[in-house]
Amino acid sequence: MKILLTGGGGRLGTELRALLPGIVAPTSAEMNITDAAQVLDVARREQPDLIVHAAAYTNVGGAEKDRDACWNANVVGTRTMAAAANAVNAKLVHISTDYVFSGDTGGYREDDTPGPVVNYYSLTKLSAEEAARAARDHLIIRTSFRPREFAYPVAFSDVYTGQDYVDVLAPQIAQAITHAHEIPHDLLHIVTERKSVFELARRRKPDVQEGTRAQAGVTLPGDVSLNTDRWQALVASWSDGRA
């Protein structure tokens with residue numbers, strides 16, 4: 001199976017390139033995801049079976065100040081990749097986020113209605129999911145990950161999430177990519193257990209200071225933990241040979 005990857009130099013893309021040898025990962029100069037003609041040229045040349053769209057604008061605070069850049073990367077870029085997938089009959093695997101939910105309840109399932117979004121980044125990622133659905137054959141993976149090390153001096157104890165470090169989640173996402181053509185769903189949640197960001201941060205930065213989301217400078221959802229029963233059932237079926 002030939003895989004074309006966007007965002008190969010990013011946090012998740014770097015991990016996926018190591019986990020999936022042979023993956024084709026053009027640089028942003030070689031394939032600007034907002035340039036429809038360039039993307040189509042690359043897709044036609046490579047003829048991938050699968051397009052994994054991991055490129056995104058992910059700076060939540062920055063999105064409030066540079067809305068055009070965020071919209072172009074997250075929405076226009078996804079429209080372009082969906083069109084390219086259709087043009088070469090590839091399946092599109094789109095990497096989305098838990099921030100498509102309001103964060104009022106947590107424990108969200110794939111069939112729960114997303115929104116209302118709480119910030120501009122969330123709006124663009126929810127819009128990007130709709131753009132990804134324009135691909136005739138698609139799989140949307142909602143996930144959330146940090147760099148291998150927690151990068152901030154303060155972590156919020158009142159923000160709850162299934163987020164984890166990228167080296168923890170990337171192998172699971174790679175497994176989903178490998179089995180993408182066998183997955184009987186078009187939407188999956190791949191995260192770990194519910195925890196506060198402060199709890200997560202302390203695992204790799206024991207001296208991190210406790211803070212609250214009021215300090216963030218941008219509105220953050222309170223609890224975007226995701227239910228992963230669907231994903232766990234798939235993993236179990238692969239391990240016991242049922243699928």
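Me: How do you know which contacts in this predicted model join residues 24 or more positions apart?
Reply: Take the contacts with a separation of 6 or more, a contact being heavy atoms within 4.5 Å. Of those in the protein, 77% are between residues 24 or more positions apart.

Me: What makes a residue count as buried, and what share of the 243 residues is that?
Reply: Buried means under 20% relative accessible area. By that cut-off, buried residues make up 53% of the 243 in the protein. The accessible surface comes to about 10,800 Å², with 47% of that belonging to carbon and sulfur atoms.

Me: Why say that the buried residues of helix 8 line one face?
Reply: In helix 8 (residues 229-239), the buried ones are W231, L234, S237 and W238. Look down the helix axis and these buried residues fall within an arc of 125 degrees, so they line one face of helix 8.

Me: And what do the buried residues of helix 8 pack against?
Reply: Helix 6 (166-178) and strand 9 (187-189). Those belong to a set of eight helices and 11 strands in the protein.

Me: How far apart are the centres of the positive and negative side chains?
Reply: The protein has 25 positive and 30 negative side chains, and the two centres lie 1 Å apart.

Terms used:
Residues are numbered from 1 along each chain as its sequence is written. This is a predicted model: local features need pLDDT of at least 70, side-chain atom pairs count only at pLDDT 80 or more; totals for chains, interfaces and linings use all residues. Side-chain values use heavy atoms; hydrogens and water are left out. Helices (H or I, at least four residues) and strands (E, at least two) are DSSP runs, numbered from the N terminus. Buried means under 20% relative accessible area, exposed over 50%, partly exposed in between (1.4 Å probe, protein chains only). Accessible areas come from the Shrake-Rupley method with a 1.4 Å probe; for residues, only the protein chains shown count as cover. Lys and Arg count as positive and Asp and Glu as negative; His and the chain ends are not counted. The place of a charge is taken as NZ of Lys, CZ of Arg, CG of Asp or CD of Glu. The arc is that of the directions from the helix axis to the C-beta atoms.
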